[in-house]
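Visitor: I'm new to protein structures, and I'd like a friendly walk through this one. Could you take my questions one at a time?

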Protein chains: 2
Amino acid sequence: MKEIQGGVCAPKGFQATGIHCGIRKNKSKKDLALIVSDVMCHAASTYTLNKVKGAPIYVTKQHLQDGLAKAIICNSGNANTCNVNGEEIANAVCDLCAKSLNIKAEDIIVASTGVIGQPLDIKPFQDHMDALVESLNYTGSSDACEGIMTTDTVKKEYAVEFELDNQVCHIGAIAKGSGMIHPNMATMLAFVTTDVAISKDMLDEVIHEVVNDTFNMVSVDGDTSTNDMLSVMANGLADNKEICKKDEDYTTFKEALMFICTSLSKGIAKDGEGATKLLTCHVNNAATIKDAKVVAKSVITSSLFKAAMFGKDANWGRILCAIGYSEANYNLDQIEVHIASQVGDICVCLNGRGYPFDEDEALKILSEDEIEIIIDLHDGCEKATAWGCDLTYDYVKINGDYRT
Amino acid sequence: MKEIQGGVCAPKGFQATGIHCGIRKNKSKKDLALIVSDVMCHAASTYTLNKVKGAPIYVTKQHLQDGLAKAIICNSGNANTCNVNGEEIANAVCDLCAKSLNIKAEDIIVASTGVIGQPLDIKPFQDHMDALVESLNYTGSSDACEGIMTTDTVKKEYAVEFELDNQVCHIGAIAKGSGMIHPNMATMLAFVTTDVAISKDMLDEVIHEVVNDTFNMVSVDGDTSTNDMLSVMANGLADNKEICKKDEDYTTFKEALMFICTSLSKGIAKDGEGATKLLTCHVNNAATIKDAKVVAKSVITSSLFKAAMFGKDANWGRILCAIGYSEANYNLDQIEVHIASQVGDICVCLNGRGYPFDEDEALKILSEDEIEIIIDLHDGCEKATAWGCDLTYDYVKINGDYRT
């Protein structure tokens with residue numbers, strides 16, 4: 001498997017594009033993205049667990065009942081959530097898009113991201129749908145990626161190439177993250193394309209397996225958004241023998257998808273609103289996977305710990321505190337904690353008690369922009385990893401006045 | 001019932017004091033507090049639910065097994081948590097204090113607050129215990145209050161006078177809060193004194209009832225501290241007939257204690273680290289009290305919502321989002337949300353959908369420093385209130401470098 005360029009257009013037979021259609025006031029920011037496969041795809045999604053869901057999610061769920069899709073359309077600048085006519089608008093967007101693409105509306109995945117509770121005007125879609133479709137091309141992944149960004153500062157776009165059944169296969173993806181990112185469900189928007197042939201059932205299975213260990217382990221601010229989803233379209237153009245059961249090919253595909261989703265997850269954490277550091281928390285030797293996950297998420301979510309990381313302060317007591325209020329099982333007297341980055345690794349806590357460390361060494365480690373917290377529970381053999389970011393002045397600034 | 005001055009020294013027979021003994025480097029900051037009753041008290045405590053607990057909590061739990069206490073000693077500047085010799089030190093502090101006061105160590109409640117995981121030196125206690133005891137006086141509540149403050153910017157000190165059984169009775173209290181404040185358990189340090197005569201059982205019962213609706217409904221940053229506790233000492237010097245069952249006197253006492261604890265809770269929320277606003281979330285007409293509490297806490301805890309309040313941004317979508325990811329039961333289509341302060345009240349959401357409001361009016365309301373969010377679930381007849389604060393630049397600043 002190797003990483004390649006091209007994002008969602010890296011797999012065979014996918015076109016993409018992104019334009020400014022007028023949902024956002026700022027004309028220099030794209031606000032509408034489209035991804036289209038040349039042929040019908042098997043498709044699957046995971047959705048936010050927030051009980052308040054964006055209207056597009058209800059429409060997409062309905063459209064994916066048959067496990068088939070040919071296009072993804074997504075706007076930024078407005079979440080189309082908690083609006084009286086939300087589903088009506090989401091359906092109208094699909095109808096417009098279907099007409100321009102000459103496909104069925106039910107074969108379209110629709111998504112929105114942005115402010116909640118402001119009516120979404122259909123007019124920008126009406127005025128620009130034909131132009132959007134005309135601008136589709138086989139190298140348009142970056143434009144599509146820009147079209148779905150909100151407060152993201154960098155594009156999250158990845159692709160890999162690998163072999164299945166002696167055929168060259170690809171997976172590509174774009175994602176947006178930034179605020180309202182918290183474990184449970186896709187917690188952001190991610191669109192994945194692949195030319196691998198895989199059955200509907202196996203596609204649905206693999207994305208749930210992968211999401212649990214990737215997107216569901218990312219937290220920026222503890223807020224689970226109303227609109228987030230991960231959608232995958234598989235068009236089969238790689239001509240491999242269709243993956244219909246959990247065989248070796250399934251495992252290979254899952255590993256490639258895991259790489260893509262891990263990259264996107266880290267990208268989302270690192271580009272969390274206002275973030276200056278990527279925080280990775282590894283929990284090792286837990287009694288159960290659940291304990292490992294709960295501890296990792298609790299640490300990565302602690303505002304006090306996140307602020308300490310921003311301040312390069314090796315305040316490991318806050319790590320212990322966050323472990324302590326998690327619902328996990330462990331033996332406090334066995335906990336070992338290390339803080340590390342590419343320039344070093346120090347033990348700060350052994351047997352649940354403070355372990356003397358050099359403050360200068362700690363400062364050097366914490367001055368890097370990718371920090372690892374390694375927690376050994378010495379209580380079993382399961383492990384988990386969670387990703388997050390530091391809490392900064394800019395997080396407050398960005399979120400203090402998001403709507404204007 | 002009327003509010004009076006005097007804090008923990010308002011009830012008959014309580015002396016208090018606070019001094020600088022050298023745990024903190026800054027000599028202008030007091031770091032050791034003592035409260036002593038002239039006679040033996042019935043005493044009860046509630047403790048943090050964090051599984052990582054400060055050493056003083058274990059010692060206090062042991063000392064209160066007989067439900068009796070005569071003194072409370074508390075230092076700030078060091079939490080005495082996750083230290084190898086933590087309990088040893090906490091016991092040594094009690095021994096020194098008992099010797100100077102000429103009482104038994106088992107009759108002392110001990111507490112610490114500050115940095116986790118730094119060894120607590122016994123020397124400052126040895127050097128200053130006699131001076132601390134000598135400085136005890138019947139108007140020393142404010143000094144004691146200063147002695148327990150960490151990043152608190154204002155003293156939280158309250159007292160009330162009321163009648164029971166034709167006797168004038170008092171409850172007084174001091175508290176510290178600021179960071180690591182989150183629902184579940186006393187989530188801070190609060191010391192309450194009263195001259196009311198009340199049985200050990202009833203005292204234990206009443207503090208748990210009151211804490212559930214007060215301190216357990218406060219959140220500053222979602223982090224539940226390792227050291228927090230609420231302790232009450234009742235010395236009976238008011239000469240009322242001892243409260244031994246849940247009668248009218250119990251109710252009167254509970255109401256007075258509720259007033260004190262509500263005042264402390266609001267004080268702690270308003271003085272949350274870096275806070276500029278007190279946020280009060282009322283949830284009305286929930287199906288169950290649990291649903292009401294879960295919704296109120298979820299809203300008050302959302303970083304996105306808290307940052308919006310700092311920015312005076314009526315971004316009610318974040319309120320709906322926080323309701324949505326809570327574990328509560330409700331009917332989305334019935335939710336009504338108002339935002340209010342002393343200058344006005346606007347409806348921002350009706351039937352789970354956006355309700356048009358005047359942005360200028362919203363800005364006027366949100367420019368006040370005490371904001372109310374009123375959520376009507378239209379789903380039953382239970383209600384709850386939670387208190388919190390906005391998320392500001394200063395929270396990040398304070399917590400980015402707490403240890404130095």
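This is a predicted model: local features need pLDDT of at least 70, side-chain atom pairs count only at pLDDT 80 or more; totals for chains, interfaces and linings use all residues.

Visitor: Is B:Asn285 buried, exposed or partly exposed?
Guide: Count the C-beta neighbours inside 10 Å, and you get 17 for B:Asn285. Buried takes 20 or more, and exposed takes 12 or fewer. With 17, B:Asn285 therefore counts as partly exposed.

Visitor: Now B:Asn80. What is the phi of B:Asn80 near?
Guide: Here's the background: most residues other than glycine have a negative phi. B:Asn80 lies in the loop between strand E4 (68-76) and helix H2 (86-101) of chain B. Its phi is positive, though B:Asn80 isn't a glycine, and the value is near 45 degrees.

Visitor: Which residues does B:Cys9 contact, leaving aside its neighbours within four places in sequence?
Guide: With those neighbours set aside, the list takes in B:Phe14, B:Gln15 and B:Ala16. It also holds B:Tyr138, B:Thr139, B:Gly140 and B:Ser141, along with B:Gly172.

Visitor: Over to the helices of chain A. How do H1(A) and H2(A) lie to each other?
Guide: Two packed helices are described by the angle between their axes and the distance between the axes. Helix H1 (residues 55-63) and helix H2 (residues 86-101) of chain A come within 8 Å and cross at roughly 55 degrees. Roughly parallel needs an angle under 35 degrees, and roughly perpendicular runs from 65 to 115. H1(A) and H2(A) are therefore oblique.

Visitor: How many nonpolar residues are in the contact of H1(A) with H2(A)?
Guide: H1(A) brings A:Ala55, A:Pro56, A:Tyr58 and A:Val59, while A:Ile89 and A:Cys94 are among the residues from H2(A). By class, there are two polar residues, one charged residue, and the nonpolar ones number seven.

Visitor: What about H5(A) and H6(A): how many charged residues are in their contact?
Guide: Helix H5 (residues 200-213) and helix H6 (residues 248-270) of chain A pack at about 45 degrees, with axes 10 Å apart. That makes H5(A) oblique to H6(A). The contact includes A:Glu209 and A:Asp213 of H5(A) and A:Lys254 of H6(A). Its residues divide into nine nonpolar and no polar, and the charged ones number three.

Visitor: Which hand does the crossing of H7(A) and H9(A) have?
Guide: Helix H7 (residues 289-301) of chain A packs with H9(A) at an angle of about 130 degrees, and their axes are 8 Å apart. A:Val295, A:Ser298 and A:Val299 in H7(A) meet A:Ile319, A:Ala322, A:Ile323 and A:Tyr325 in H9(A). H7(A) passes H9(A) in a crossing that is right-handed.

Visitor: Now the two chains together. Which element gives the largest share of the side of chain A that touches chain B?
Guide: The contact takes 49 residues from chain A and 49 from chain B. On the chain A side, elements giving two or more residues are helix H8 (303-310), helix H9 (317-325), strand E13 (353-354) and helix H11 (393-400). The largest share is seven residues, and it comes from H9(A).

Visitor: What kind of axis relates chain A to chain B?
Guide: Chain A can be laid on chain B by a turn of 180 degrees and a shift of 0.0 Å along the axis, with an RMSD of 0.0 Å. That is the relation of an axis that is two-fold.

Visitor: Which residue of chain A has the C-alpha nearest the axis?
Guide: The copies meet through the same surface, because 100% of the interface residues of chain A are also interface residues in chain B. In chain A, the C-alpha nearest the axis is 2.5 Å from it and belongs to A:Tyr393.

Notes. Residues are numbered from 1 along each chain as its sequence is written. Chains are lettered from A and ligands numbered from 1 in the order in which they are written. Helices (H or I, at least four residues) and strands (E, at least two) are DSSP runs, numbered from the N terminus. Two residues are in contact if their C-beta atoms, placed from the backbone, lie within 7 Å. Axes are lines fitted to C-alpha atoms, for helices over the stretch in contact, and angles run from 0 to 180 degrees between N-to-C directions. A crossing is left-handed if the near helix is turned anticlockwise from the far one by less than a right angle, and right-handed if clockwise. Copies are superposed by least squares on the C-alpha atoms of residues with pLDDT of at least 70 in both. Angles under 35 degrees count as roughly parallel, over 145 as roughly antiparallel, 65 to 115 as roughly perpendicular and the rest as oblique. Ala, Val, Leu, Ile, Met, Phe, Trp, Tyr, Cys and Pro count as nonpolar, Asp, Glu, Lys and Arg as charged, and the others, Gly among them, as polar.
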